[in-house]
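Please read them beside the coordinates.

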Amino acid sequence: MATSFWHPFANMSDVKDKSFTVVRGEGNYVYDKEDRAYFDATASLWYANAGYGRREIIDAIKNQAELLACYSTFGDITNEPAEELADFVAQRSPMENSKVFFVSGGGDAIETAAKLARKYFHELGQGDRTLIVSRKDSYHGTHGFGTSLAGIAPNRVGWGDLISGVALVDRDDPEDLVHLANSVGSDKIAAIFVEPVIGAGGVHLPTEGYLERIREITKEIGALMIVDSVICGFGRLGYWFGPERFGVVPDMITFAKGITSGYVPLGGVVVSGEIADPFFNKGATFRHGPTYAGHPLAAAAGIANCQFLENEGLIAKGQELEGKLKEALDASSDSPLIEEVRGGLGLLGALEFDTDRRQSDPSIMAKVQMEMRSRGFLVRPLVSSIAVSPPLSVTEDEIERLGNAFVDALKAADR
Ligand SMILES: Cc1ncc(COP(=O)(O)O)c(C=O)c1O
């Protein structure tokens with residue numbers, strides 16, 4: 001019988017008859033229906049930072065489910081796991097006196113940060129400061145603001161009118177923000193969203209000094225810098241959040257994925273004390289928040305996952321292993337299919353496919369993906385590249401085997 005399950009970002013005409021069922025997970029591997037093991041070089045969707053089947057996280061979820069599986073946190077209601085996780089996150093935030101707003105995932109976090117930026121300026125009496133800026137090739141999820149801010153062109157089309165008061169700037173040149181400010185008026189810009197390393201847009205590393213310069217410019221023009229660390233947080237770049245890597249202190253950080261390693265969906269925004277001030281000290285109300293904000297089960301998963309990452313020394317791994325991963329991917333740089341190898345900043349990387357080859361054979365990346373799968377490796381095709389972002393518990397040996405598998409898979413697909 002044809003499937004009833006509609007997959008996200010999928011061509012269902014193709015997928016409806018040949019989906020790939022993942023049954024169980026353990027460590028850095030997932031297993032199919034025949035119990036064949038696959039090394040998960042994607043950490044699912046850039047999120048299983050702790051790997052799979054971690055007892056500490058599973059037990060924390062079980063215990064919390066028995067105690068209090070769910071309860072709202074609207075108004076004055078709270079729960080202990082949400083309080084504890086908010087403290088944990090705030091204490092590790094690079095900003096002073098941070099406050100933490102929990103939501104259900106990354107897209108929710110983007111909505112929250114964008115609305116909060118506008119509302120903050122409204123409270124300051126700067127109601128005209130509403131323009132929200134993003135970068136070409138960036139990905140900020142699929143909700144209203146995320147779609148309107150999308151830097152990946154095909155993700156913006158087909159939806160009719162998007163949210164107004166948004167603008168795109170160059171991916172690599174921070175001075176483009178200055179040009180925008182000069183043309184629209186610097187007092188009109190509320191915020192810019194910046195991924196430290198652009199993930200879903202193809203793993204694009206920031207140009208030298210990019211984030212630092214954006215911080216300077218935003219301070220000069222009085223706009224907020226929002227770092228979107230939905231992928232880059234919780235160890236992916238070797239730090240809790242990502243911007244620490246560049247010595248940058250933003251105004252807000254959006255997070256999701258790695259905070260629970262995906263065991264239970266959870267996202268949020270860490271906000272500096274200054275941005276929280278009108279709401280915490282001057283009576284303003286942020287009339288915003290999804291039903292599951294501060295969900296106790298998600299928070300319990302988050303606490304156990306963060307403790308696991310910390311106790312196992314996995315946060316630093318994102319930086320320690322970045323060179324090894326780049327070296328393993330570089331082994332494919334001689335392939336005629338590969339135009340560029342990107343990586344070396346955090347535990348993520350991508351093989352960019354030759355443009356002519358993609359045009360003459362649009363299925364080439366899918367072929368390589370399937371060749372990798374048949375060798376027991378899961379990798380992720382993006383716009384024009386194949387990306388990897390293994391769990392932070394990956395070993396050097398596994399990274400080496402991943403690199404060798406790519407070399408073989410590219411040869412097999414090139415026949
Ligand atoms: C940088 C970034 N921001 C936001 C999102 C959206 O997160 P979610 O899919 O949980 O809504 C993603 C998802 O991949 C992302 O990579």
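1. Around the ligand there are 15 residues, of which Gly105, Gly106, Gly107, Gly141 and Val230 come nearest; a residue is taken as near a molecule or strand if its C-beta atom, placed from the backbone, lies within 6 Å of it. Helix H5 (residues 106–123) supplies the largest share of this shell, three residues, where helices (H or I, at least four residues) and strands (E, at least two) are DSSP runs numbered from the N terminus. By class the shell has six nonpolar, seven polar and two charged residues; here Ala, Val, Leu, Ile, Met, Phe, Trp, Tyr, Cys and Pro count as nonpolar, Asp, Glu, Lys and Arg as charged, and the others, Gly among them, as polar.

2. This is a predicted model, in which local features need pLDDT of at least 70 and side-chain atom pairs count only at pLDDT 80 or more, while totals for chains, interfaces and linings use all residues. Residues are numbered from 1 along each chain as its sequence is written.

3. The protein chain is divided into domain 1 (12–53 + 316–413) and domain 2 (56–313), with bounds that come from an automatic or database domain assignment. The centres of the two domains, taken over C-alpha atoms, are separated by 27 Å. Across the boundary, 25 residues of domain 1 are in contact with 25 residues of domain 2, contact meaning that the C-beta atoms of two residues, placed from the backbone, lie within 7 Å.

4. On the side of domain 1 that touches domain 2, the elements that give two or more residues are helix H2 (43–46), helix H11 (314–320), strand E11 (338–343), strand E12 (349–353) and strand E15 (385–388). H11 gives the most to this side, with four residues. By class, this side of domain 1 has 13 nonpolar, ten polar and two charged residues.

5. Helix H4 (residues 80–92) packs on helix H10 (residues 296–311) at an angle of about 40°, with the axes 8 Å apart; axes are lines fitted to C-alpha atoms, for helices over the stretch in contact, and angles run from 0 to 180 degrees between N-to-C directions. H4 is therefore oblique to H10, given that angles under 35 degrees count as roughly parallel, over 145 as roughly antiparallel, 65 to 115 as roughly perpendicular and the rest as oblique. The contact involves Pro81, Ala82, Glu84, Leu85 and Phe88 of H4, together with Pro296, Ala299, Ala300, Gly302, Ile303 and Cys306 of H10. Its residues comprise nine nonpolar, one polar and one charged.

6. Helix H3 (residues 55–68) also meets H10, their axes coming within 8 Å and crossing at roughly 155°, which makes H3 roughly antiparallel to H10. On the H3 side the residues are Glu56, Ile57, Ala60, Ile61, Gln64, Ala65 and Leu68, and they meet Pro296, Leu297, Ala300, Ala301, Ile303, Ala304, Asn305 and Phe308 in H10. This contact divides into twelve nonpolar, two polar and one charged residues.

7. Helix H12 (residues 322–330) and helix H15 (residues 396–413) pack at about 20°, with their axes 8 Å apart, and they are therefore roughly parallel to each other. H12 contributes Lys324, Leu325, Ala328 and Leu329 to the contact, and H15 contributes Glu396, Ile399, Glu400, Leu402, Gly403 and Phe406. These residues divide into six nonpolar, one polar and three charged.
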